[in-house]
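Subject: Structure for your review

Dear colleague,

Please find below the sequence and structure that I am handing over to you. A short account of what was found follows them.

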Amino acid sequence: MASSINSGISALNAFKRQMETTGHNIANVNTEGFSRQRTQFTTRDGEAIPQGYIGSGVQIASITRSYDSYLATRVRDYSSSFEEFNVYEQRANQIDNVIADASAGIDNMLQQFFASVNDVASDPTSIPARSVMINRANQLNDRFASLDGWFEDLRHQLNKDFERQTTEINSIARSLADANNRVRTLTGSTGGAPNDILDERDRLIDELSRYTNVSTLQQDDGTMNVFVGTGQALVVGTTYNTLGVTSNPLALDHKELVIQQPGGLAVNVTNQMSGGSLGGLLRFRDEVLDESQNALGRVAIGVGSFFN
């Protein structure tokens with residue numbers, strides 16, 4: 001009789017926990033990053049009797065998340081790639097729209113200048129033709145200066161974006177280290193995984209993937225090491241490194257990315273940062289902004305050298 005009562009009580013307690021888990025799932029149906037939780041049952045150890053063992057009921061084995069690490073990794077990879085190409089396209093279109101604009105670009109101004117030069121060549125003694133050519137030359141010079149100033153404004157804004165995004169990444173890294181600390185503490189005290197904190201940590205990693213490529217490595221104590229770019233350590237256990245922006249000594253307006261490691265060591269990781277909006281900004285600067293501004297300078301030097 002006692003065994004039957006104990007089995008019934010164990011079932012009531014187990015299913016009570018299951019109902020609490022179900023209620024938790026319903027309450028968080030609209031919570032961003034929440035993973036549905038499941039209650040796993042297992043039989044309790046049997047009670048020994050002369051004839052063998054008699055069952056003593058059921059108990060909770062674990063409460064686990066409905067979570068697939070492989071799918072999560074794939075989503076982060078796609079998110080990182082999308083943000084990189086989206087930022088790259090938006091910034092590149094800015095330059096394309098201005099350079100291709102007849103009223104803002106240089107092509108139409110060059111054509112007008114060379115047309116005025118042909119007019120002077122056809123009638124060298126014409127004072128009006130000479131005046132027009134000089135006026136067009138001044139306008140062309142102003143257009144070169146205006147476009148170069150616009151490129152510098154883009155570069156200044158780009159550098160501010162680098163600083164803003166590294167600040168956001170550092171904030172996420174600090175939160176990840178804190179989440180790791182809580183996971184390790186709670187896992188060690190109860191033996192079970194703190195599912196809600198794991199969801200919070202995964203949400204932070206998802207957010208980080210919008211800024212750069214992310215890879216992770218699960219540790220035995222429940223903490224998660226997080227690497228960015230091509231494998232630069234950002235979070236290791238409960239500690240994190242700081243991403244910073246510094247000037248290139250050969251070009252002060254050409255910013256570089258460094259990781260500040262414990263002990264004050266700063267490692268340049270500009271060429272190792274890829275993916276995400278930060279990688280898109282770096283690609284835009286190296287492949288579009290620098291090349292476009294350099295091309296504008298070469299045209300200006302060529303025209304000036306030829307006519308002077």
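**Contacts of helix α6**

In this predicted model, helix α2 meets helix α6 through S80, E83, E84, F85, V87, Y88, R91, A92 and I95. Their partners in α6 are G276, S277, G279, G280, L281, R283, F284, E287, V288, L289 and S292. By class, the residues of this contact comprise 9 nonpolar, 6 polar and 5 charged.

Two packed helices are described by the angle between their axes and the distance between the axes. For α2 (residues 69-99) and α6 (residues 276-307), the angle is about 30° and the axes are 7 Å apart. The two helices are therefore roughly parallel to each other, since angles under 35 degrees are counted in that way. Their crossing is right-handed.

Helix α6 also packs with helix α3 (residues 107-122), here at an angle of about 10° and with the axes 14 Å apart. This angle makes α3 roughly parallel to α6. On the α3 side, the contact is formed by L110, F113, F114 and V117, which meet V299, V303 and F307 in α6. The contact of α3 with α6 has 7 nonpolar residues, with no polar and no charged ones.

Finally, a word on α6 itself. The helix has 32 residues and spans 46 Å from its first C-alpha to its last, close to the 46 Å expected at 1.5 Å a residue. At R285, α6 bends by about 40°.

Yours sincerely,
A colleague

Definitions and conventions
Residues are numbered from 1 along each chain as its sequence is written. This is a predicted model: local features need pLDDT of at least 70, side-chain atom pairs count only at pLDDT 80 or more; totals for chains, interfaces and linings use all residues. Side-chain values use heavy atoms; hydrogens and water are left out. Axes are lines fitted to C-alpha atoms, for helices over the stretch in contact, and angles run from 0 to 180 degrees between N-to-C directions. Helices (H or I, at least four residues) and strands (E, at least two) are DSSP runs, numbered from the N terminus. Angles under 35 degrees count as roughly parallel, over 145 as roughly antiparallel, 65 to 115 as roughly perpendicular and the rest as oblique. A crossing is left-handed if the near helix is turned anticlockwise from the far one by less than a right angle, and right-handed if clockwise. Contact means heavy atoms within 4.5 Å. Ala, Val, Leu, Ile, Met, Phe, Trp, Tyr, Cys and Pro count as nonpolar, Asp, Glu, Lys and Arg as charged, and the others, Gly among them, as polar. The expected span of a helix is 1.5 Å times one less than its number of residues. The bend at a residue is the angle between axes fitted to the seven residues ending there and the seven starting there.
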